[in-house]
Amino acid sequence: MKINTTSDSALLLSRIEAAALLRVSLNTFDRRVAVDLPKVPIGRRVLFRRVDIESWINNTPGCYERPALFSQGDRT
């Protein structure tokens, strides 16, 4: 498994970063998205795996994939 460590594809995201990635408000993220995602507690921080957010986009009815969010080869 290859891990991409460029800054635009951080493996763990804060609530604010995750909401920005999805282009939704922090309130919308907390109410509609975060409840469905596994949380990664690190100290006092709660982070979210980028891969879980991408999976949520692809598997949630009514969500539309935003190709610009992904950096995987043949995924367009």
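Analyst: Helices (H or I, at least four residues) and strands (E, at least two) are DSSP runs, numbered from the N terminus. This is a predicted model, where local features need pLDDT of at least 70, side-chain atom pairs count only at pLDDT 80 or more, and totals for chains, interfaces and linings use all residues. Residues are numbered from 1 along each chain as its sequence is written, and side-chain values use heavy atoms, with hydrogens and water left out.

User: Ok, in what order do the elements run from the N terminus on?
Analyst: The order in the protein chain is β-α-α-β-β-α. That gives three helices and three strands.

User: How do α1 and α2 pack?
Analyst: Helix α1 (residues 15-22) and helix α2 (residues 26-33) meet at an angle of about 90°, and their axes are 9 Å apart. Axes are lines fitted to C-alpha atoms, for helices over the stretch in contact, and angles run from 0 to 180 degrees between N-to-C directions. Since 65 to 115 degrees counts as roughly perpendicular, α1 and α2 are therefore roughly perpendicular to each other.

User: Which residues make the contact?
Analyst: From α1 it's R15, I16, A18, A19 and L22, and from α2 it's L26, F29, D30 and V33. Contact means heavy atoms within 4.5 Å.

User: New topic: how much of the chain is buried?
Analyst: Buried residues are 28% of the 76 in the protein chain. Buried means under 20% relative accessible area, exposed over 50%, and partly exposed in between (1.4 Å probe, protein chains only).

User: And L12, where does it lie?
Analyst: In strand β1 (residues 12-13). L12 is partly exposed, with a relative accessible area of 32%.

Key:
Angles under 35 degrees count as roughly parallel, over 145 as roughly antiparallel, 65 to 115 as roughly perpendicular and the rest as oblique.
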